[in-house]
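Subject: Structure handover

Hello,

Here is the structure I promised to pass on. Please open it first, then read my notes below.

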Amino acid sequence: GVDNESGMRQIAELIRRKGYESVGFAGELTPNPQSHHLERVRALERFLAGSGSGIPEVPRVGRYSHEDGRVILQYLHERKQIPRCMVCGNDDIAMGLLKAAREYGIRIPEELAVIGFDDDVNADYLCVPLTSVHQPLEEFGRLAVDYVLEKMNDPGRQIQLTIEPKLIERSTT
């Protein structure tokens, strides 16, 4: 898997460097979130501790999708609680949030910075290219093949690997 701690540390460093005074997290909106969602939001909270950037709670009603991003921004917009920067649990959520921001007339990144996680192949092709944490999928694939080959030779072998992601800074921050 990807090292969520490292990805969120890189995001927190960018947030501090840019001086964003308030931060929100748009993640998996389900009653029972996946473990990587929890790792990401907890790591972000830990890395931003003491910065004054609280992470507001948002309703949990989606499926890690574009719709989640839209619902989250609508929720925050209606309450006039849009933070200066939104960190998204994945790029699909970020893309939905960016679309909603355009509909509300919120300027990216002047009024709202947006950061995704995955570095989707489309991230660089959006109207405003998305800053995102790159997960090296090709490396994941190579390691999976290596593991299967090793497992064939040693059926009892088990390994757990984490790969260092890299923050790709683009125009949304």
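**What turned up**

Lys 99 is partly exposed, because its relative accessibility is 46%. The cut-offs are these: buried means under 20% relative accessible area, exposed means over 50%, and partly exposed is in between (1.4 Å probe, protein chains only).

Before the rest, some ground rules. This is a predicted model, where local features need pLDDT of at least 70, side-chain atom pairs count only at pLDDT 80 or more, and totals for chains, interfaces and linings use all residues. Residues are numbered from 1 along each chain as its sequence is written, and side-chain values use heavy atoms, with hydrogens and water left out.

**The Lys 99 pair**

Lys 99 makes a salt bridge with Glu 103. Their closest N and O atoms are 2.7 Å apart. A salt bridge here is a side-chain nitrogen of Lys or Arg within 4 Å of a carboxyl oxygen of Asp or Glu. Both residues sit in helix H4, four residues apart, about one turn of the helix. Glu 103 counts as exposed, with a relative accessible area of 52%.

**Other salt bridges**

By this rule there are eleven salt bridges. Side chains of opposite charge can pair when their charged atoms come close.

Look at Glu 169. One of its partners is Arg 17, with the closest N and O atoms 2.7 Å apart. Arg 17 lies in helix H1 (residues 4-18) and Glu 169 in the segment after S5, so this pair ties together parts 152 residues apart in sequence. Glu 169 also forms a salt bridge with Lys 18, where the closest N and O atoms are 3.4 Å apart. Lys 18 is in helix H1 too, so that pair ties together parts 151 residues apart in sequence.

Arg 17 is exposed at 56% relative accessibility. Glu 169 is partly exposed at 40%. Lys 18 is partly exposed at 37%.

There is also a network of salt bridges. It links Arg 9, Glu 13 and Glu 164.

**The overall layout**

The protein chain has five helices and five strands. Helices (H or I, at least four residues) and strands (E, at least two) are DSSP runs, numbered from the N terminus. Along the sequence the pattern is α-β-α-α-β-α-β-β-α-β.

Of the 173 residues in the protein chain, 45% count as buried. Take the contacts with a separation of 6 or more: residues 24 or more positions apart account for 78% of them. Contact means heavy atoms within 4.5 Å. The protein chain exposes about 9,200 Å², and carbon and sulfur atoms supply 50% of that area. Accessible areas come from the Shrake-Rupley method with a 1.4 Å probe; for residues, only the protein chains shown count as cover.

**The sheet**

Five strands form an open sheet in the order S1-S2-S3-S4-S5, with mixed pairing. Its edge strands are S1 (23-26) and S5 (166-168), each pairing on one side only. From one strand to the next, the twist averages 20°. Two strands pair if DSSP finds at least two bridges between them.

S2 (residues 85-88) and S3 (residues 113-118) pair in the parallel sense, over three bridges. Met 86 has Val 114 as its bridge partner in S3.

Helix H2 (residues 35-48) lies across S1, S2 and S3. Its direction is about 170° to S1. Axes are lines fitted to C-alpha atoms, for helices over the stretch in contact, and angles run from 0 to 180 degrees between N-to-C directions.

**Backbone points to check**

Most residues other than glycine have a negative phi, and most peptide bonds are trans.

- The peptide bond from Ile 108 to Pro 109 is cis, with omega near 0°. Pro 109 is in the loop between helix H4 (91-104) and S3.
- Asp 118, in strand S3, has a positive phi of about 140°. Asp 118 is partly exposed at 26% relative accessible area.
- Asp 119 has a positive phi of about 60°. Asp 119 is in the loop between S3 and strand S4 (131-134), and counts as buried at 14% relative accessibility.

Over to you.
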